[in-house]
Amino acid sequence: MCEKVRTPVTRRAIISDSKVLLAELDARLATDWTFSSGRVLGSMCSVPHPVAAAAFERVLEANIGDEGLVPALAALEREAVGQFAGWWGHPEASGRIVSGGTEANVMALWTAKIVAGPGKNEVVIPASAHYSFDKAASLMGLTLVKAPVGKDGCLDPAVAEAALTDRTCAFVGVAGSTALGAVDNVFALAEVARRRKVYFHLDASFGGYVLPFLADAGYPVHPFGWPEGMASLSADPHKMGRGPVPSGMILWRDEDLARVSAVEVGYLSGGRLRQNTLVGTRSGASVAAVWAVQKHLDRAGYGEVVKTAMGTTVALTNALKGISGAQPVFDPAPLNVVGVRTPGRETGDVVARLRLRGWALSQWDGFFRIVVMPHVTPPVIDGFLADLQEVLK
Ligand code: PLP
C-alpha cells in the first residue's frame with residue numbers, strides 16, 4: 001500500500017502558480033507514510049485531533065518566545081499547563097509547551113544540573129529510558145548511569161538507590177517506556193529522591209496523557225500523581241494528547257524551580273523577559289492547539305481516547321496469543337504499547353516482510369512494537385494480523 005507507484009512530478013526549478021506548486025507538493029509526498037492511512041503501527045504520534053489542527057492553523061504566525069507580543073496566548077499556555085497539571089494532581093506546577101519529549105527531558109536535566117551545582121554530573125536513568133537522555137548528557141557533559149530494569153521493564157527503587165552517589169545530580173523514572181510502555185512506580189522512586197535529596201524527573205512523554213484517564217476508562221491504574229519528591233515531569237501532547245507535531249510539555253514542581261534555568265532577555269517586546277525555554281522562537285500554533293484540544297476533550301474525552309486504545313490493545317494481545325509463531329512480550333500490556341516476539345523467526349526479517357505488505361513497525365532487539373494510537377483501529381489490526389499470519393507461515 002505504501003510503496004506506491006510514483007505520481008509523475010514536474011521537477012521544474014520554479015513554480016510560481018501556487019495551485020500547481022501545491023499539486024507538485026502532493027505528488028512529491030504521495031509515497032510517504034501517513035498516520036491517516038492506518039498503516040503506521042510503530043509510531044507514538046498520530047493524526048492530530050481536528051480541533052487541534054484548526055487551532056494550529058489559526059495561530060500559525062505567532063511566536064510565543066516573544067511573550068510580550070502575545071500575552072493572551074501566553075495566558076492560554078498557563079491555562080493548558082495548569083489543566084494538565086491538575087490531571088496529575090498538582091495544579092500548582094509551572095510549565096511550558098515545548099517541541100516534544102526530547103526538549104522537555106533536556107530542560108529537566110538542565111534544571112537539575114544547575115540545582116545540584118558543580119561537581120555533580122551523574123544522572124541515574126533506567127535502562128528503558130529514551131535516547132533523548134543520551135543527547136542531554138552529551139550536551140551538558142553529564143555521565144549517565146543506566147540502571148537495569150526488571151522483567152516487568154520497570155526500575156526497582158532499590159536498584160535506583162544503589163546507583164546514587166555523591167556525584168548524582170538527578171535520577172529519572174519513566175511512565176510509559178518507549179519500547180514496551182512499562183510504567184515505573186513514581187511514588188516509590190520519588191520517595192528515594194526525597195530521602196536522598198536528589199532531583200527526580202519523571203519522563204511521562206508517552207504515559208502523561210494515558211495514566212490519568214485509565215481509571216475512568218475502566219483499566220487497572222498504575223500509580224501516578226505528583227509525589228513530594230518529584231521535581232519535574234515531561235508529557236507529550238503530540239503522543240497520546242492528540243496534539244499536533246510539534247508539541248511537548250515540561251512541568252516543574254513550582255515557579256521557583258521553573259525559573260532556575262531562565263535567562264533574562266532585555267530586548268524583546270513587553271520589556272524584560274525571564275525566558276525559561278531551551279529555544280527562543282517558539283511555536284504559538286502548538287500552544288493554541290494544545291490548549292484547544294485539552295479544552296475540547298477534557299477528562300471525559302481523554303477517557304474515551306484511552307478506553308478505545310486500551311480496548312484495541314487487549315484485543316490485539318489476545319489475538320496474538322492465538323497466532324502460531326507470535327507472542328506478546330507482556331500480557332496484559334502495561335499501556336497501549338504491544339511488543340511482539342516471533343520465536344524461531346528473526347525479528348528484522350518479519351518486520352521487513354511486513355513492510356513490503358505496507359505495514360510500518362518499530363523494530364527492537366528481539367521483538368517489534370505496535371503502538372495502539374488513535375489511528376490504529378480494530379479493522380486496521382485485523383488487516384495487519386492477517387498479513388502477520390501469512391508472513392509467519
Ligand atoms: N521520552 C519517551 C518515553 C519517548 O518515548 C520519547 C519518544 O518516543 C521521547 C521521550 C522523545 O520525544 P520526542 O520524540 O517528542 O522528542
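**Where two domains meet**

Me: What is the salt bridge count between domain 1 and domain 2?
Reply: The count is one salt bridge. Bear in mind that this is a predicted model, where local features need pLDDT of at least 70 and side-chain atom pairs count only at pLDDT 80 or more, while totals for chains, interfaces and linings use all residues. Residues are numbered from 1 along each chain as its sequence is written, and side-chain values use heavy atoms, leaving out hydrogens and water.

Me: What makes domain 1 and domain 2 separate domains?
Reply: The bounds come from an automatic or database domain assignment, which gives 35-48 + 299-392 to domain 1 and 50-296 to domain 2.

Me: How do you know which residues of the two domains are in contact?
Reply: Contact means heavy atoms within 4.5 Å. By that rule, 28 residues of domain 1 are in contact with 35 residues of domain 2.

Me: What makes area count as buried between domain 1 and domain 2, and how much is there?
Reply: Buried area is the accessible area (1.4 Å probe) that two parts lose on being put together, summed over both. For this pair that comes to about 2700 Å², 72% of it on carbon and sulfur atoms. On the domain 1 side, Pro48, Arg299 and Tyr302 lose the most, together 29% of what that side buries.

Definitions and conventions
Salt bridge = Lys/Arg side-chain N within 4 Å of Asp/Glu carboxyl O.
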